[in-house]
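Here is a short report on one protein chain. Look at the sequence and the model first, then read on.

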Amino acid sequence: QVQLVESGGGLVQAGGSLRLSCTVSGRTFMPYSMGWFRQAPGQEREFVTAISSSGLSTYYADSVKGRFTISRDNAKNTVNLQMNSLKPEDTAVYYCAAAPGRLYGSDLFRDVSYDYWGQGTQVTVST
């Protein structure tokens, strides 16, 4: 069984920064593609960013490109999301997700491609 635990959410003013972390336990971390999704109240869950198992390939939603950075430390079984220049529209519950193996093309952006999920962490950006 794979378990994901997010941390690092909170309240920040617009223009500020937050760093989210996701720790994976239960199985070998390396073979998993990792992603971050978010869900705002009344909206569907949406893709934010993803990283390949090696960490060499990263992918971002247009809405966060240039502001968010995903990274992973396979030795520590963690994936991080550095969020800069935060906007009120970034307010959401952020979820970490893991997918066995490599994801290709549009599968990266689809939440159904990911088998394991964390409980979510709230990020609130005030004006």
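## Strand pairing

Leu4 has Val24 in β3 as its bridge partner. The model is predicted.

## The nonpolar core

Which residues have the most contacts inside the largest nonpolar core? They are Leu4, Met34, Trp36, Met83 and Tyr94, in a core of 37 residues. At least two core residues come from each of β3, β4 (32-39), β5 (46-51), β7 (68-73), β8, β9 (92-100) and β11 (121-126). Strand β9 gives the most, with six.

In soluble globular proteins, nonpolar side chains tend to be buried together.

## Around Leu4

Leu4 returns here, now with its contacts beyond four places in sequence. They include Cys22, Thr23 and Val24. Met34 is another. Further along the chain, Leu4 touches Cys96, Ala97 and Ala98. Tyr116, Trp117, Gly118 and Gln119 complete the list.

## A cavity

How many cavities of 30 Å³ or more are there? The count is one. The largest cavity has a volume of about 30 Å³.

Its lining consists of Ser33, Ile51, Ser52, Tyr59, Arg102, Leu103 and Leu108. By class, four of the lining residues are nonpolar, two are polar and one is charged.

Key. Residues numbered from 1 in each chain as written. Predicted model: local features only at pLDDT ≥ 70, side-chain atom pairs only at ≥ 80, totals over all residues. Heavy atoms only, no water. Pairing = 2+ DSSP bridges. Helix = DSSP H or I, 4+ residues; strand = E, 2+ residues; numbered from the N terminus. Core = buried A, V, L, I, M, F, W, Y, C linked by side-chain atoms within 4.5 Å. Buried < 20%, exposed > 50% of the residue type's maximum accessible area, 1.4 Å probe, protein only. Contact = heavy atoms within 4.5 Å. 1 Å grid on protein atoms, 1.4 Å probe; cavity = no way out; pocket = protein on both sides within 12 Å on 5 of 7 lines; lining within 4 Å. Points joined across faces, edges and corners; volume = space filled by probe spheres on them. Nonpolar A, V, L, I, M, F, W, Y, C, P; charged D, E, K, R; others polar.
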